[in-house]
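Subject: Structure handover

Hello,

Please find the structure below, with its sequence. My notes on it come after.

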Amino acid sequence: MENNTIEHKYNKWIVLLSIAIPVAVAVLFKVKLKDFGFDVTPLSFLPPIYATVNGITAILLVAAVMAIKNGNRKRHEVLMKLAIGCSVAFLVMYVAYHMTAESTRYGGEGVFKYAYFFILITHIFLSIAIIPLVLITYVRALANKFDKHKKIAKITFPIWLYVAVTGVIVYLMISPYYV
């Protein structure tokens with residue numbers, strides 16, 4: 001019964017965060033601190049840092065899967081917590097950058113433009129979808145429901161990895177157009 005209580009206890013938080021995070025990011029994406037009278041310098045140094053953090057997240061995810069496949073549950077747990085921490089750090093830096101700088105338009109043409117927007121759009125939609133998946137996967141591990149954890153992790157892992165890797169690709173494709 002205790003394990004069901006853990007899952008039940010976190011269900012409201014999972015729903016709340018799964019809605020609040022994308023809404024907050026969307027709202028804050030449009031908020032410019034200068035519009036509120038703050039004299040801020042654009043944090044233009046952040047994009048390569050948060051792209052690197054996305055790359056580190058991808059490496060951590062792969063290492064975590066390797067750890068659990070090798071039977072090292074403790075290493076898996078530590079690596080997954082680091083991956084979650086990196087994703088949170090990415091989110092904070094991403095929002096901070098967009099609150100202080102104007103959005104950069106992609107300047108590529110032809111097939112590169114279509115590829116960029118396909119990658120960007122799938123990255124955005126899956127980055128929203130991954131929030132509840134990560135939270136549910138994590139809570140199932142907390143509740144020691146490893147059968148259920150493993151089942152959803154098989155869905156969560158490839159989507160989260162895609163989001164992390166495409167975050168780097170989007171940065172590499174748009175970086176020549178930063179002012």
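This is a predicted model: local features need pLDDT of at least 70, side-chain atom pairs count only at pLDDT 80 or more; totals for chains, interfaces and linings use all residues.

Residues are numbered from 1 along each chain as its sequence is written, and side-chain values use heavy atoms, leaving out hydrogens and water.

Overall picture

The protein has 5 helices and 0 strands. Helices (H or I, at least four residues) and strands (E, at least two) are DSSP runs, numbered from the N terminus. Read from the N terminus, the order of elements is α-α-α-α-α. The C-alpha trace spans about 55 × 35 × 25 Å along its principal axes.

Of the 179 residues, 34% are buried. Buried means under 20% relative accessible area, exposed means over 50%, and partly exposed is in between (1.4 Å probe, protein chains only). The protein exposes about 11200 Å², and carbon and sulfur atoms supply 71% of that area. Accessible areas come from the Shrake-Rupley method with a 1.4 Å probe; for residues, only the protein chains shown count as cover.

A contact means heavy atoms within 4.5 Å. Among contacts between residues at least 6 apart in sequence, 79% join residues at least 24 apart.

Helix α3

Helix α3 covers residues 73-100. Its 28 residues should span 40 Å at 1.5 Å a residue, and its end C-alpha atoms are 41 Å apart, which agrees. The expected span is 1.5 Å times one less than the number of residues. Buried residues in α3 include His76, Leu79, Met80, Phe90 and Tyr97.

Helix α4 has 33 residues and reaches 47 Å from its first C-alpha to its last, close to the 48 Å expected. A kink of about 30° lies in α4 at isoleucine 130, shortly before proline 132. The bend at a residue is the angle between axes fitted to the seven residues ending there and the seven starting there. Isoleucine 130 is also one of the buried residues of α4; among the others are Tyr116, His123 and Val134.

Isoleucine 119 is found in α4 too, which runs over residues 110-142. Why does isoleucine 119 count as buried? Its relative accessible area is 16%, so it counts as buried. Not counting residues up to four places away in sequence, isoleucine 119 touches Tyr162, Thr166, Ile169, Val170 and Met173. Isoleucine 119 and threonine 166 are 47 residues apart in sequence, and 6.6 Å apart in space from C-alpha to C-alpha.

Asparagine 144 lies in the loop between α4 and α5 (146-174). Asparagine 144 takes a positive phi of about 60°, although it is not a glycine. Most residues other than glycine have a negative phi. Asparagine 144 counts as partly exposed because its relative accessibility is 48%.

Helix α2

Valine 62 is placed in helix α2 (residues 46-69). With a relative accessibility of 35%, valine 62 counts as partly exposed. Leaving aside residues up to four places away in sequence, valine 62 touches Phe157 and Leu161. Valine 62 and tyrosine 178 are 116 residues apart along the chain, and their C-alpha atoms are separated by 30 Å.

Regards
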